[in-house]
Amino acid sequence: MKISVLRSHEKALLRLMCLALFLCSTSLLQAQIVSNDKFKQEDKFRQLEETLPTPNEFRTASGAPGEKYWQQEVDYEIDVELDDKLQKIIGTEKVTYTNKSPDKLNYLWMQLDTNILSFDSDAHLTDTSSHLGKVGYKTMQQLMAKETFDGRMKISAVRDEQGDPLPFQIIKTMMRIDLNGSLSSGQSMTFSVDWSYLINDSQSRPARTGYEYFEEDKNFLYEIAHWYPRMAAYTDNTGWQHKQFLGRGEFTLEFGSFLVKITAPADHVVAATGELQNPEKVLTETQQKRLEQAKTAEKPMFIITPEEAKKNEASRSKEKKTWIFMAPFVRDFAFASSRKFIWDAQGHQLQGKDKPVMAMSYYPNEGEPLWSRYSTHAIIHTLDVFSKYTFPYPYPVAISVNGPVGGMEYPMICFNGPRPEKDGTYSKRTKYGLISVIIHEVGHNYFPMIVNSDERQWTWMDEGITTFLQFLTEQEWEPDYPSRRGEPRDIVGYMKGDYQVPIMTNSESILQFGNNAYGKPATALNVLRETVLGRELFDYAFKEYSRRWMFKRPTPADFFRTMEDASGVDLDWFWRGWFYTTDHTDLAVENVRQFLLETGDPYVDKVRRKKERDEEPESLSDIRNKSLPKRTEKFPELKDFYNEYDDLDVTDADRKKFEDQLKELKADEKKLLETQKYFYLIDLKNQGGLVMPVILKLTFDDDSSEMLRIPAEIWRLNNKSVSKLILTEKPLKNLILDPHRETADTQLSNNEFPRTISKSYFQLEKSKKSKNEMQKREEEQKKATEKDKPKKESEKKE
Ligand SMILES: [Zn+2]
């Protein structure tokens, strides 16, 4: 379709014109609205109303769901078999779709996201690379698998409620189902889909789902996600969200209930979204008893011990078992299955909930001793801290699974990768990497699993907000927890670089994904909390946002508006700067000027001025001219009145003038004349473009100090340079801008006044000479002869 449009010359031209117009309109958006050719500066405090979508009855101007807010509902009943021989998923689902929109629908869209794992996927076809140098074996293996592996979903049937086939068309990662007639507002319909696909080997075809094969015990561990045809979202602001899955923009989905029957080998243990409905059929009596005990346990306890899991690895049951799970109010469903699972659990009572949440971890022996020590603790800690800042965790279980997927979230269950070495030791990076990834992925239950933002459009709304809360959660784990993201100083390197786009950029077009969608928004929110709003205001507004949009679908505008609405602070400059531009913070103290009030008394003022003049340094010429004979010395008659007169001498007229002035002053005016304060003009420059609060630490001559926090609005009339007048009781010794580095200021050297010498160290190193080829050969020969020598008895021991 698109090609035929382009072939038509006229239409192509029109498209180009539209494109050009669009490009102009985005960059000159402000210029179109108001024209400012005189005072050449951007209005960084301009309200965002012109940029944000117009409020309506679905979404209010205050950022809340409107009176007529609606969202679709999708309920699934799924029967699925995990084929452990072929590593294959075979499923059938009954989908009940309720059209709560005011619109009539002629077709439905479904996501077939596993289609991305195919040699003909857009993700693979549009992947670019610019260089081939040294390639690792693993990379090579993955490159080959991209060319050959076919992970596409085979759709064998789509039927209506009567069992009659419904026409459908697969468009890459999407499928359109055509309805017989249309689905009106308020109507429900049920249809079924049968499908199957090959599960990807996460070694050669890594993804957000997949299996891991363990060579030593010949077992598989499955982490299964986007495994069934899922309803695409239909919304008031986007219509059908059926933007193709290219790998980064994750899953925009509808809420509903799930009843899922998972059939797996009888000796597998299955972990899944939702509550297990038939424990008596799939668990041993011991496991059921332990699970009951775990509900009220003080610490995580084993449901399956490491020894039992090890034993289970050798089992090869020919039987199958069906695990039944039920999950209401979720937007997705994922599961994990293996013979290798150790399983631990602890019930956790959250404030405001009547039943404990079961925090559970599933991991192979390869995850030990790290996993039994940290995973379930990290889950519970996350639920505590995230709930404190948002709403009580509403689901009955929270699960963390160790397997091939490095870190990926689904409702109630997440997949996390870090493992210790084979010998059980682990690096600091692995330890904190594990705790952090569990906090992050469990945290995603809140954003976007419950606060259901559009992940395919905006990565920051779930990743940035989760990373921000992850930082708060990490800092409550232990003192000085080594958080990777959140502290303003950690984002400085990224902020000053050129290779970046604004946060408000679609997921697939982001440069520096981690910094853009995780690090920068997380830092921005931390700055908003600590520096702009303060904790009390921020926490109140943020909780309001979380609660307003719990189990609903917010957009960026809803977030921006709610944070302002609930805090009572105009933040448009902040959203504008941090989210819509690539400006960075670089404020500078250019100069500090001191002023003291003159007394008006000539005996004080003139005497002081005279002293100042006399202290002025002599010029070089003055000094050298001193010895030259002067004409007035030779002819004294040339001297007159002015050779003696000093205009800084106090005269009677001066004294009289001062006395007259004093007589004219009222008492309060006289008092002003006696003001003893120090007046300082602090000249500030904004070199990075981002307008930010000015935070000053003033240190006085007596070494006492004082903090001065000036809101960002200081830049509203001139956002490049301003002078701030301050009055102090004591003379100022120096000042430092942003002493706690809370604004992500990219250049610290201009933050001090007066400037100081920057100090650091350098190292001496002895250069090592590398061996030449002849020396290397000689060494090889020497080694070879030593190897041939018969070994002494004592050396043979291993
Ligand atoms: Zn994430």
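This briefing walks through some pockets, cavities, strands, helices and annotated regions of the structure above.

Welcome to a predicted model, in which local features need pLDDT of at least 70, side-chain atom pairs count only at pLDDT 80 or more, and totals for chains, interfaces and linings use all residues. Residues are numbered from 1 along each chain as its sequence is written, and side-chain values use heavy atoms, with hydrogens and water left out.

**The second largest pocket**

- A pocket here is an open set of points on a 1 Å grid over the protein atoms alone, with protein on both sides within 12 Å along at least five of seven lines, and its lining residues have an atom within 4 Å of a point.
- The second largest pocket has a volume of about 900 Å³, where volume means the space filled by probe spheres set on the points, which are joined across faces, edges and corners.
- It has 25 lining residues, and those closest to the centre of the pocket are Ala123, His124, Asp127, Lys146 and Arg205.
- Helix 4 (122-125) and helix 5 (137-148) each give the lining at least two residues, and helix 5 provides the largest share, with four.
- Helices (H or I, at least four residues) and strands (E, at least two) are DSSP runs, numbered from the N terminus.
- By class, this pocket's lining has 10 nonpolar, 10 polar and five charged residues; nonpolar covers Ala, Val, Leu, Ile, Met, Phe, Trp, Tyr, Cys and Pro, charged covers Asp, Glu, Lys and Arg, and polar covers the others, Gly among them.

**Cavities**

- A cavity is a set of grid points where a 1.4 Å probe fits but cannot get out, and the count comes to four cavities of 30 Å³ or more.
- The largest cavity holds about 60 Å³ of space, and its lining residues include Glu42, Lys44, Trp573 and Arg576.
- Three nonpolar, three polar and four charged residues make up the lining of the largest cavity.

- Four strands form an open sheet in the order 5-6-3-10, with antiparallel pairing; two strands pair if DSSP finds at least two bridges between them.
- Strand 5 (168-171) and strand 10 (230-231) are at the edges with a single partner strand each, so one side of each has no neighbour in the sheet.
- Strand 3 (residues 105-111) is joined to strand 6 (residues 174-183) by six bridges, with Leu108 opposite Ile177 and Met110 opposite Met175.
- Two bridges link strand 3 to strand 10, where Met231 is the bridge partner of Met110.
- Five of the seven residues of strand 3 are buried, meaning under 20% relative accessible area, while exposed means over 50% and partly exposed lies in between (1.4 Å probe, protein chains only).

- Helix 15 (residues 556-567) reaches 17 Å from its first C-alpha to its last, close to the 16 Å expected from 1.5 Å times one less than its number of residues.
- Glu298 lies in the loop between helix 7 (285-294) and strand 16 (301-304), and counts as exposed at 74% relative accessibility.

**Regions annotated in UniProt**

- An unreviewed UniProt entry lists residues 384-578 as "domain: Peptidase M1 membrane alanine aminopeptidase"; such annotations may be inferred rather than shown by experiment.
- In the model, residues 384-578 are 50% helix and 7% strand.
- The unreviewed entry also places a "coiled-coil region" at residues 648-675, where the chain is 71% helix and 0% strand.
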